[in-house]
Amino acid sequence: VLHAALSRLGCEINVHPVLLTGERRPDFLVQDAQPFFLEAAVVSDESAQQRSAHRRMNSVYDALNQLQSPDFLIGLELHGTPATPPPARALRDFLEKKIAALDYDALRNAFENSGDLDCAPRWRYEHAGWVIDFFPIPKSPETRGDTNVRPVAAFVEGATWRIGCAPFRDTLKKKAGKYGQFDVPFIVAVNSMDHADDIDVRDALFGQECIEATVSERGTSEGQTRMRNGIWLGPRGTRNTRLSAVLAVFGLNHSNVARVPVRLYKNPWAAKPYEGALCRFPHLADQGGRMVDFPGVGLGEVLGLPAGWPAQPTHVTES
């Protein structure tokens, strides 16, 4: 996704460029009006066991997207995680039999009359601690019969705790010092997979918000401030100045690329300040000594995707 977005922004990308040290290679050297290095990372509060389970789940999603379903999209309501790899072929056979028995016109009318997903039948599939309730979603008349539209369209998962700022802080700390000093800006792009938000990123970068109480002979006063535990602002002042900016994407997955929130956070104390194509996204930057939010375009707009993608297909005209 990063490679595609940078290309659409008019940048040239060198993948895994060789550094002068000849050792570790960052993910991208991006040639823009101002060249910069870009490193990608995923932030998650998952255990190693949970990550392995999700890899098994992702392999199943890839297999399901090979399902031939000209009239229906497929939704999934998920419970638990699989202890062993689910059989992709058996899942596809299961769904193909269920889909073949559906009446498109009847279900389409039911959707239009009810306006929600409750009218769709549920088909339960269980495997090694993973319970999936599949449900069909009739395609629009315009896309009916189009097998180029990925069939997996919607996910409903159980509630999880918010990730907080600690995993962000730990990941960025490792990335900030991984390659040493650069002579151009260095940016880390992070995809948060566990319900983090803008507050968590700001806390990780600038320190957690807190209330500071001052006691004196005149009484007690309180004010809002930040703890000195951020990536960029620590107990001894500014630090990690080699990290020019952080591009945060909140919960990016294959079904929400067109609408996932994204924001660039620029380091006001960066040794190599960044100005470039990524500033087209919404961003937080210093202006006159204070941090200001600037509007921008969404990731879906940069990639040329309609708001309803993937249910609403993208039509590309070749010249």
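## Close-up views of a predicted model

**View 1. Strand E13, enclosed by the rest of the structure.** Strand E13 (residues 245–250) is largely enclosed by the rest of the structure, because six of its six residues are buried, where buried means under 20% relative accessible area with a 1.4 Å probe and protein chains only. Helices (H or I, at least four residues) and strands (E, at least two) are DSSP runs, numbered from the N terminus. Ala245, Leu247 and Val249 point one way from E13, while Val246, Ala248 and Phe250 point the other way, and all are buried. The model is predicted, so local features need pLDDT of at least 70 and side-chain atom pairs count only at pLDDT 80 or more, whereas totals for chains, interfaces and linings use all residues. Residues are numbered from 1 along each chain as its sequence is written, and side-chain values use heavy atoms, with hydrogens and water left out.

**View 2. The strands that pair with E13.** Two strands pair if DSSP finds at least two bridges between them. Strand E8 (residues 186–192) pairs with E13 in the parallel sense over six bridges, and Asn191 has Val249 of E13 as its bridge partner. Strand E14 (residues 262–266) runs antiparallel to E13 and is joined to it by five bridges, with Val262 of E14 as the bridge partner of Val249.

**View 3. Thr171 in helix H5.** Thr171 lies in helix H5 (residues 166–176) and counts as buried, because its relative accessibility is 18%. Leaving aside neighbours within four places in sequence, Thr171 is in contact with Ala41 and Val43, contact meaning heavy atoms within 4.5 Å.

Key. Buried < 20%, exposed > 50% of the residue type's maximum accessible area, 1.4 Å probe, protein only.
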